[in-house]
Amino acid sequence: MMSSFINMDFLRRIFFEIWYFRNPPWDSGQTPPELLALLPGLTPARAIDLGCGTGTNVITLAKMGWQATGVDFSARAIQLARQKAQKAAVQADFFVGDVTDLRVTDKVYDFALDLGCFHGLPLRRRADYVRELKRILRPGGLWFLYSFLRSGLDESALGLAEADLGLLLADFSIVSRQDGFARGERPSAYFTFQKK
Ligand SMILES: C[S@@+](CC[C@H](N)C(=O)[O-])C[C@H]1O[C@@H](n2cnc3c(N)ncnc32)[C@H](O)[C@@H]1O
């Protein structure tokens, strides 16, 4: 059983790694307006982008004065992110790591963001992500999340279900929620959570 878990995780990683040698459909190079609307109300401090891809949003934060870090388990994505930051002449940190096991960092962050990473994690990995998020985010810190939504009945689908929200609400309160449809069809939402 354990070895099939390991293989599934390995396959997910390879899937993303291969995508980053092409042009992944999610890698628009644009910071979403929902995040741009939130940032002016926050005081720049230390931020981390969980599943940062090629670093678009880390670079946006760094340009706005944040000490910004991005983590992704795709080495190719992190390589591209570093190149983009260098080209944009901004100071930002990137590291290759797994968001479900962030023991490589002992830093505490004021703001965490996740645009499309949490919702793709296998259900059995989500509690690990939340444990790590709780460890690295300071009390009162904000977590901005973009996620597809799924029916709780469909355990195979990408997305956040009411059961996931239940897991989160033990340690986070919802500051805001904006529902919509990804590419016009898939239910999705932008959330801002605050760590209790
Ligand atoms: C849909 S992409 C979104 C990327 C980026 N946030 C953006 O908006 O362009 C999901 C990202 O999460 C990363 N990812 C998925 N599972 C991960 C994990 N367990 N640890 C670290 N990164 C992960 C993938 O490599 C990919 O870059």
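Modeller: This is a predicted model. The largest nonpolar core in it has 43 residues, and those with the most contacts inside it are Ala 47, Val 58, Ala 112 and Trp 143. Two or more residues each are given to this core by the strands β1 (46-50), β2 (67-72), β4 (109-115), β5 (137-148) and β7 (186-195), and by the helices α3 (56-63), α4 (75-87) and α5 (123-136). The largest share comes from β5, with six residues. In soluble globular proteins, nonpolar side chains tend to be buried together.

Leaving aside neighbours within four places in sequence, Ala 112 is in contact with Ile 48, Leu 50, Leu 133, Leu 137, Gly 141 and Trp 143.

The strands named above belong to a sheet. Seven strands make up this open sheet, in the order β3-β2-β1-β4-β5-β7-β6, with mixed pairing. At its edges are β3 (93-96) and β6 (172-182), each of which pairs on one side only. On average, neighbouring strands of the sheet are turned by 15° against each other, direction ignored. Ser 173, for one, has Gln 194 in β7 as its bridge partner.

Next comes the ligand. It is surrounded by 18 residues, of which the closest are Phe 16, Gly 51, Gly 53, Phe 73 and Gly 116. Sorted by class, this shell has eight nonpolar, seven polar and three charged residues.

The C-alpha atoms of Gly 53 and Trp 26 are separated by 9.2 Å, while the two residues are 27 residues apart along the chain. Trp 26 sits in the loop between α1 (2-19) and α2 (33-38). Trp 26 is exposed, because 12 other C-beta atoms lie within 10 Å, and a residue counts as exposed at 12 or fewer.

Another loop, between α4 and β3, holds Ala 89. Ala 89 has 9 C-beta neighbours inside 10 Å and therefore counts as exposed. The phi of Ala 89 is near 55°, a positive value in a residue other than glycine. Most residues other than glycine have a negative phi.

Note on methods:
Residues are numbered from 1 along each chain as its sequence is written. This is a predicted model: local features need pLDDT of at least 70, side-chain atom pairs count only at pLDDT 80 or more; totals for chains, interfaces and linings use all residues. A nonpolar core is a set of buried Ala, Val, Leu, Ile, Met, Phe, Trp, Tyr and Cys residues joined through C-beta atoms within 7 Å. A residue is buried if 20 or more other C-beta atoms lie within 10 Å of its own, exposed if 12 or fewer, and partly exposed in between; C-beta atoms are placed from the backbone. Helices (H or I, at least four residues) and strands (E, at least two) are DSSP runs, numbered from the N terminus. Two residues are in contact if their C-beta atoms, placed from the backbone, lie within 7 Å. A residue is near a molecule or strand if its C-beta atom, placed from the backbone, lies within 6 Å of it. Ala, Val, Leu, Ile, Met, Phe, Trp, Tyr, Cys and Pro count as nonpolar, Asp, Glu, Lys and Arg as charged, and the others, Gly among them, as polar. Two strands pair if DSSP finds at least two bridges between them. Axes are lines fitted to C-alpha atoms, for helices over the stretch in contact, and angles run from 0 to 180 degrees between N-to-C directions.
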